[in-house]
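Hello,

Here is the structure I promised to hand over. Please have a look at it first, and then read on for what turned up.

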Amino acid sequence: VYTVIFVHDVAIKSVTTSHTEVYVGQIINITVVAKNEGETTETFNVTVYYDATSIGTMTNINLRSGREITLTFSWDTTGVRPGIYNISAQASLLPGPPPETDTADNFLTNGTIKVKGKGDVNGDGSVNILDVTLVTTSWWCGPGDPKWNPVADLNCDDFINILDVCMVTTYWWSTYP
């Protein structure tokens, strides 16, 4: 009589973000690579977090032994307080039998996202003439222009103009933590 025991093991291999800074209300993509390092096909869930708050979960991921899967989560920062947040991903534990024993690689924190208050171009926590200056030094610029400054593109239309200045002045003298 032979008993075959399969090793069950999934891992989070990488967590990357599409940006390192966003304004409250913008959407950022978070890409997670998970791998089945075990010996049999596994079904598991992956959850992405900012600090201890869940951004979202993808459930019932079915992955053959030795394979990787790339998952993309979209984080809508509407309602998120300005601040710096750690980004992480976690694969659910595999119950087995036998249960997964190499669980240290089921969780990975990689990188931070700075969520800035609207109008706070330089990210110093207040909206003032310094922010207007950053916008106007990139006046009439778009991607590829040597003076292009993507953080000055407050309305995300790939062009710095009066609309971006208006967004800064709308939040004039606002302060953020």
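**The largest pocket**

The largest pocket holds about 340 Å³ of space. Here a pocket is an open set of points on a 1 Å grid over the protein atoms alone, where a 1.4 Å probe fits, with protein on both sides within 12 Å along at least five of seven lines; lining residues have an atom within 4 Å of a point. Of its 14 lining residues, His19, Glu21, Gln26, Pro150 and Cys156 are the closest to the centre. Strand S2 (residues 21-23) gives the largest share of the lining, 3 residues.

Before going on, note that this is a predicted model: local features need pLDDT of at least 70, side-chain atom pairs count only at pLDDT 80 or more, and totals for chains, interfaces and linings use all residues. Residues are numbered from 1 along each chain as its sequence is written, and side-chain values use heavy atoms, leaving out hydrogens and water.

**Two helices**

The axes of H1 (residues 129-136) and H2 (residues 162-170) come within 10 Å and cross at roughly 170°. That makes the two helices roughly antiparallel (angles over 145 degrees). In contact (heavy atoms within 4.5 Å), Asp131, Val132, Val135 and Thr136 of H1 meet Asp164, Val165 and Val168 of H2.

**Pro177**

Pro177 lies in the segment after H2. Its relative accessible area is 69%, so Pro177 is exposed (over 50%). Leaving aside residues up to four places away in sequence, Pro177 touches Arg81 and Pro82.

Best wishes

Technical notes:
Axes are lines fitted to C-alpha atoms, for helices over the stretch in contact, and angles run from 0 to 180 degrees between N-to-C directions. Helices (H or I, at least four residues) and strands (E, at least two) are DSSP runs, numbered from the N terminus. Angles under 35 degrees count as roughly parallel, over 145 as roughly antiparallel, 65 to 115 as roughly perpendicular and the rest as oblique. Grid points are joined across faces, edges and corners, and a volume is the space filled by probe spheres set on the points. Buried means under 20% relative accessible area, exposed over 50%, partly exposed in between (1.4 Å probe, protein chains only).
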